[in-house]
Structures are given as structure tokens and as C-alpha cells.
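Please find below a colleague's note on the structure shown here. The points are numbered so that each can be read beside the model.

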Amino acid sequence: MAKENPNDVLQSEIIETRREMSLYDLCEVCTVSSERVVQLVDEGLVEPVGREPAEWRFSGRSVRRVVVAERLSRDLRLNAAGAALVLDLLDEVKQLRQRLNRLGDTDES
Amino acid sequence: MEFKDYYKVMGVERDATQDEIKRAYRKLARKYHPDVSKASDAEQRFKEVGEAYAVLKDPEKRVAYDQLGAGADWKTGQDFRPPPNWDQGFEFHGGDSGGGGAHEFSDFFETLFGQEDFRGGFTRADHGRFTARGEDTFARIVVDLQDSYLGATRSVTLKHTEIGADGRPALRNRTLSVKIPKGVRPGQHIRLAKQGSAGAGGGESGDLFLEIAFRPHPKFIVEGKDVYLNLRVAPWEAELGARVKTSTPTGDVDLTIPRHSKTGGKLRLKGRGLPGKEPGDFYAVLQIALPPAETEDQKAAYRDFASAFDFDPRRDQEG
């Protein structure tokens, strides 16, 4: 491991604000194989723009979806379709929770 | 060292069948998975369940563990020291990596069974594409709302495994100073190049990815790039209009409450949300607060109020 000096401030980059990511970029960032991404695209878990895998462009949001899908698949033994469903439901739950929060319901449950 | 009652953690009887244990594990893993559960202790619970399952699913380990409890009635949390040669006559085989997400096992576990493969959870499991390159590593970092507004440097302590001199994996702590980019939003990831696991055979290190979470703020609520504040106003301020001082993450501002405002009405301050190329907006959400009538004068004021209006709040309600 190269630098371990806590005084060195490490520069960082926000992944999601990158406008567009290629299939290669997404695989690189999420450490998944391109075959796996193709599988996730087939399930609609991530939706790239472009027809052919070589032309695919992913949004930054795809990173989180792929990463969480991989954790869910591994830990809960979900297949791609199950992970896609869970992700969609989690998004919906999150939106509803935020709305509840904003309505001033401070109940922590 | 504290004794761990793995049966209790899994919520099963001591004579549970292997199938029952498996079912209990699957159910608890779903319930406490840190990506799914909102419970603040979900990650901790998920680890405990993973550890309990790593022992109970393996008949060899389970028998050995049961043997411990045979003489004394151990309770969770009780100070525990394994009897000498407690594992004599038991043979442990390597076993797989904890059956899903088990990692950073307790001292209790490690004393009894040695260190297992720590991987899982928020450290990437093996999906290595390039054998030479170190794995990318994921972790979470909690930052404050102000950090996103102003940018900040935060130190993060990460646990990671390294193969020690004895050839076994060991858990190490590593503290890094990380620049939190201005405008970062909850759920986004930041990448630190070359700070992941070391590569094999001199290959380059993977990248370190940090998932950003925001510490809940007592006043402001963040939704994507927008920031909300519940702003309490008096009934006369809402109805007659007013100028009120309100706090925003970048300081106090004077806000004009338009006449005939209602509860839930949103006043927008464009571009005062999280910064960025396309900055978010700040919203003050109006909440009309009623002053309690305690003195006679105050009660009289409410009665005057009532007689000044021909107001039936239920007029439009049916039934």
C-alpha cells in the first residue's frame, strides 16, 4: 500500500456526476464483469442509452444500482430479476419516507 | 471476552435442525441487510447473524460449540474463557466464507475458530476480473450537510484485511484524510484512485469507493440536491403576509411570506440547495403554528377572532 500518511489529503471524484459512462467504465467502477452488466441490463436494472453494448452510455446513478444489486445477490442469493425488484421498491420506500419526513412527521420508526 | 449465544442470535432452539437454522438465517439476513433495513443497528445485527450462522451451519463447529455450553449454562455477554484444550478431538475444515456477508467476527469467534475469510458486507467479494489488479473496495462515510455546502476534509478509518507474515489474513485499521467534494449528495460515491486493496504480484491497487451518507440534521432535510426546512409561522403572518428571518445552511435570510399562505406551502430559494453545476433549491415549507390561549385576555382574543369571521372549516366537507 503506497500512501498511509493521514496528513496527505486524498483527492476524490464524485462518480455520479460524470455525465456518461461506457460499459467498460461501469465495469471498472463496480468491479463486475461485462457479462454481468449485460445480464442486469436485460433485467432493466440499469438502462443505458444506445443500442449495442459498444455504444451503451450509463448514467452515474447506475453505479449505486449495480453495487447494491451485487451485494443483494451475494448476501441474499437474489437473482438479477429479484435484485431489480428490490431496488425499485427501495427507491419507492425512500421517496415515501422522505415525503413523510417533510410532512413533519418526526416519528422515528 | 463475552460469551455469544448463537442460538439466541438466530432465534432458534438448541435442538433446531440444520434446515431450521438455514431458514432462520435467510430470514434474518433479509431483515437486517444493511442495504434494505433502516434500523440503525442493522449492520451490526447482520454481522452477528452471519457469525452465528457460520458456526451453526457447520456441523463440526456446531458440535464443538455445543460442547462448550454442556457443562455451564453460558449466557450472552457473560465473561468467557474457553476451557483448555476445549477443541481437542474436533477437526475443523476450512469451510467457505461464512455463507454470505459474515465478516469481522467477534473475539469470541476468533478465539474458538480462528480467523475466517473476512470478506463480504461492504468490502467487495471476489469478482476479480483482472487477476493482477487489486480489488476495489467499498465503504461508507458519514458527512455533515455543511461538508457538502463548503467542501471539507474528513478522516475515515477503514478496516481491511492483509495477509500477515504467517500467511493468514489479519484485520488492520487504516486512516485516510479524504477531500469531500463540494456539492456531494447522499447516496453518491466518491472514488479515491489507487486506495483499494493492493494488487497481487506488484499489480496496481484497486480504487477505493466511498458511499456518501449524511448525518441527519436537526433542522434541514435533504432530498436529492434540494434542502427543506419546516418553517413555523403564526396564523396572522400566513394570512396577512410578513417578512420573517429564516435560517438556511448558508446563513440567515429574510423571507417574504406572501398573503394567504397555507400550511404546506413551499417558498423556494433558487440555487440555495446543495451546490453544483446545477445547484439544488432551498425550500421553506410553511407550518402554521397556533398560539395557545392561556390567559383570560388570550381566550377573549380567540373569541373575538371567531366572531369576526363567518368561518366554518368543515363547510366543504361532506357528511
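The points below run from the basis of the model to single residues.

1. This is a predicted model, in which local features need pLDDT of at least 70 and side-chain atom pairs count only at pLDDT 80 or more, while totals for chains, interfaces and linings use all residues. Residues are numbered from 1 along each chain as its sequence is written, and chains are lettered from A and ligands numbered from 1 in the order in which they are written.

2. Chain A contains 4 helices and 2 strands, arranged along the sequence as β-β-α-α-α-α. Helices (H or I, at least four residues) and strands (E, at least two) are DSSP runs, numbered from the N terminus. Of its 109 residues, 27% count as buried; a residue is buried if 20 or more other C-beta atoms lie within 10 Å of its own, exposed if 12 or fewer, and partly exposed in between, with C-beta atoms placed from the backbone.

3. Chain B has 8 helices and 11 strands, and buried residues make up 30% of its 319 residues. Among the contacts in chain B between residues at least 6 apart in sequence, 55% join residues at least 24 apart. Two residues are in contact if their C-beta atoms, placed from the backbone, lie within 7 Å.

4. The largest nonpolar core has 34 residues, and those with the most contacts inside it are A:Leu26, A:Cys30, A:Val66, A:Ala69 and B:Leu210. Such a core is a set of buried Ala, Val, Leu, Ile, Met, Phe, Trp, Tyr and Cys residues joined through C-beta atoms within 7 Å. At least two residues of this core come from each of helix H1 (23–30), helix H2 (34–42), H3 and H4 of chain A, and from each of strand S1 (137–143), strand S3 (169–180) and strand S5 (208–214) of chain B. H3(A) gives the most, with 6 residues. Leaving aside neighbours within four places in sequence, A:Cys30 is in contact with A:Val63, A:Val66, A:Val67 and A:Glu70.

5. A second, separate core of 19 residues includes B:Met10, B:Tyr25, B:Tyr53 and B:Ala64. In soluble globular proteins, nonpolar side chains tend to be buried together.

6. Helix H2 (residues 18–32) and helix H3 (residues 42–56) of chain B pack at an angle of about 165°, with their axes 9 Å apart. Axes are lines fitted to C-alpha atoms, for helices over the stretch in contact, and angles run from 0 to 180 degrees between N-to-C directions. H2(B) and H3(B) are therefore roughly antiparallel (an angle over 145 degrees). Residues making the contact include B:Tyr25 and B:Leu28 of H2(B) and B:Phe46 and B:Tyr53 of H3(B).

7. Chain B also holds an open sheet of 4 strands in the order S6-S7-S11-S10, with mixed pairing; two strands pair if DSSP finds at least two bridges between them. Strand S6 (220–223) and S10 stand at the edges with a single partner strand each, so one side of each is left without a neighbour in the sheet. S6(B) runs antiparallel to strand S7 (residues 226–233) of chain B, joined by 4 bridges, and B:Phe220 stands opposite B:Leu229 in S7(B).

8. Which residue in the loop between helix H3 (61–76) and helix H4 (80–102) of chain A deserves a look? A:Arg77 lies there and has a positive phi of about 55° although it is not a glycine. A:Arg77 is exposed, with 12 other C-beta atoms within 10 Å.

Definitions and conventions
Angles under 35 degrees count as roughly parallel, over 145 as roughly antiparallel, 65 to 115 as roughly perpendicular and the rest as oblique.
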